Amino acid sequence: MNDSPMIIAIDGPAGSGKSTVARAVSERVGIPYLDTGAMYRSVAFAALRAGVDPEDAEQVSNLARELVLVMRPDGTVLVDGADATIEIRGPEVTRAVSIVAANPTVRSEMRSRQRQWAREQGGGVMEGRDIGTVVFPDARLKVYLDASPEIRAARRSKEVADLSYESVASDLARRDALDQNRAHDPLTVSEDACVIDTSHLSVEEIVDSILELLE
Ligand code: CDP
């Protein structure tokens with residue numbers, strides 16, 4: 001009998017389908033969903049808003065420790081009391097986020113908030129880059145979603161209408177490299193994760209395979 005809260009970890013690079021799939025799994029299983037990428041985006045957003053250079057590790061660390069961050073169940077995000085749901089997806093934040101996320105103090109601060117969130121919720125579907133490897137190494141199920149770089153860029157460029165495919169593709173490649181090669185908690189496949197290549201699968205097919213794995 002396993003009494004620990006049910007954590008489903010969904011990791012993978014940008015455009016692999018994590019958010020859509022994690023939201024759908026959360027609905028089907030009936031447990032809450034947390035987008036941990038939105039937390040790193042919120043730190044980057046707060047730094048830019050305060051005029052802090054994302055590379056300034058000390059100032060960004062201080063800001064992350066003090067940030068009042070509310071991740072609402074409906075997916076909206078409050079940063080220091082103001083709704084930042086739209087702004088954290090903007091191109092400036094996207095450019096800065098992987099630098100901010102490489103900062104070890106920011107990571108340890110966000111990691112403890114993520115664990116606290118899961119304790120309070122009694123479990124959840126947690127989406128990110130290091131959930132199965134670092135945040136919840138004992139997660140009930142670990143899934144790593146992947147897709148070819150071209151397909152990931154094509155999916156993402158459909159979402160951001162004002163950027164060309166080329167600029168989206170080069171941003172993804174740059175972020176992949178930063179996320180995979182950083183010194184702390186890089187994006188990598190956990191040994192015990194189930195890898196799903198989503199390149200040619202529908203959302204329903206991916207969600208069904210995750211639910212099968214869960215059983
Ligand atoms: O939505 P998208 O896939 O573009 O990225 P995201 O999930 O919003 O994450 C944005 C960035 O946050 C990533 O490129 C990583 O640099 C960082 N991140 C991380 O380091 N660890 C996580 N658990 C989640 C995101």
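**Questions on a predicted chain**

The chain has nine helices and eight strands, where helices (H or I, at least four residues) and strands (E, at least two) are DSSP runs numbered from the N terminus. This is a predicted model, in which local features need pLDDT of at least 70, side-chain atom pairs count only at pLDDT 80 or more, and totals for chains, interfaces and linings use all residues. Residues are numbered from 1 along each chain as its sequence is written, and side-chain values use heavy atoms, with hydrogens and water left out.

Biologist: What is the radius of gyration of the chain?

Modeller: The radius is taken over C-alpha atoms, and the globule rule is 2.2 Å times the number of residues to the power 0.38. For 215 residues, a compact globule would come near 17 Å, which agrees with the chain's value of 16 Å.

Biologist: What share of the residues counts as buried?

Modeller: Buried means under 20% relative accessible area, exposed over 50%, and partly exposed in between, with a 1.4 Å probe and protein chains only. Of the 215 residues of the chain, the buried share is 48%.

Biologist: Which strand is largely enclosed by the rest of the structure?

Modeller: Gly123, Val125 and Glu127 point one way, Gly124, Met126 and Gly128 the other way, and all are buried. In a regular strand the side chains alternate between the two faces of the sheet. Six of the six residues at 123-128 are buried, so the enclosed strand is β6.

Biologist: Which residue of β6 stands opposite Met6?

Modeller: Two strands pair if DSSP finds at least two bridges between them. Strand β1 (residues 6-11) pairs with β6 in the parallel sense over six bridges. Opposite Met6 stands Gly123.

Biologist: Which residue of β6 stands opposite Leu34?

Modeller: Strand β2 (residues 33-35) runs parallel to β6 and is joined to it by three bridges. The β6 residue opposite Leu34 is Met126.

Biologist: Which strands stand at the edges of the open sheet?

Modeller: Three strands form this sheet in the order β3-β4-β5, with antiparallel pairing. Each edge strand has a single partner strand, so one side of each is left without a neighbour in the sheet; these strands are β3 (69-71) and β5 (82-83).

Biologist: What is the bridge partner of Leu78 in β5?

Modeller: Strand β4 (residues 77-79) pairs with β5 in the antiparallel sense over two bridges. In β5, the bridge partner of Leu78 is Asp83.
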